[in-house]
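Student: I have a model open and keep meeting labels that I would like to understand. Could we go through them together?

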Amino acid sequence: MARVPYLDLKDLPAEHQDLLARRANIYRALAHSPNGLRAFSTLGGFIRFKSKLDPRLRELAILMVGYLARAPYEWSHHIEIGKKFGVSDGDIRALMDEANRIIRAILVDLRSFVRPGVSTLDVDRFAEARIAAAGGAPA
């Protein structure tokens with residue numbers, strides 16, 4: 001369920017109605033901030049159509065994030081898109097298995113870490129250390 005109402009063409013001034021040329025709900029939600037939606041669309045367009053990123057790997061990355069974030073919109077739409085770029089059912093099963101392994105490992109770590117008096121700064125430091133240990137770079 002959307003956290004903000006979806007906008008329709010009638011909700012936008014004429015100069016911003018082009019933003020809803022594609023009626024996908026993500027655009028209808030982001031249309032509350034026309035300039036933000038324009039920036040989002042520019043970045044998304046670059047990533048999808050102009051970057052050198054392999055489309056299959058791009059879709060696998062989107063699916064991993066969608067699965068870990070429990071984002072059904074992202075998950076369902078990008079399974080369909082991913083299949084157009086060679087993502088197989090086996091890839092999806094492997095991705096889900098890996099995501100579940102990551103979630104289990106984080107829950108085990110959190111169970112040993114979270115206790116009364118832990119600050120959000122402590123959690124941030126813990127998360128950054130966990131990400132670094134897994135070979136990633138915290139944002």
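Tutor: Gladly. Buried means under 20% relative accessible area, exposed means over 50%, and partly exposed is in between, using a 1.4 Å probe and protein chains only. This is a predicted model, in which local features need pLDDT of at least 70 and side-chain atom pairs count only at pLDDT 80 or more, while totals for chains, interfaces and linings use all residues. Residues are numbered from 1 along each chain as its sequence is written, and side-chain values use heavy atoms, with hydrogens and water left out.

Student: Why is Arg70 called exposed?

Tutor: Arg70 has a relative accessible area of 52%. The cut-off for exposed is over 50%, so the label applies.

Student: Where does Arg70 lie?

Tutor: In the loop between helix 3 and helix 4; helices are DSSP runs of H or I with at least four residues, numbered from the N terminus. Arg70 also has a positive phi of about 55°, although it is not a glycine.

Student: What makes Arg70 sit "over" the ring of Tyr67?

Tutor: A charge sits over a ring if NZ of Lys or CZ of Arg is within 6 Å of the ring centre and within 35 degrees of the ring normal. The charged end of Arg70 is 5.0 Å from the centre of the Tyr67 ring. Arg58 lies over the face of Phe85 as well, at 5.1 Å from the ring centre.

Student: What makes a nonpolar core, and which residues form the largest one?

Tutor: A core is a set of buried Ala, Val, Leu, Ile, Met, Phe, Trp, Tyr and Cys residues joined through side-chain atoms within 4.5 Å. The largest has nine: Leu60, Leu63, Met64, Tyr67, Trp75, Val87, Ile92, Leu95 and Ala99. Helix 3 gives the largest share, four residues.

Student: How do you know that helix 4 is close to its expected span?

Tutor: The expected span is 1.5 Å times one less than the number of residues. Helix 4 has 13 residues and reaches 19 Å, close to the expected 18 Å.

Methods:
Helix = DSSP H or I, 4+ residues; strand = E, 2+ residues; numbered from the N terminus.
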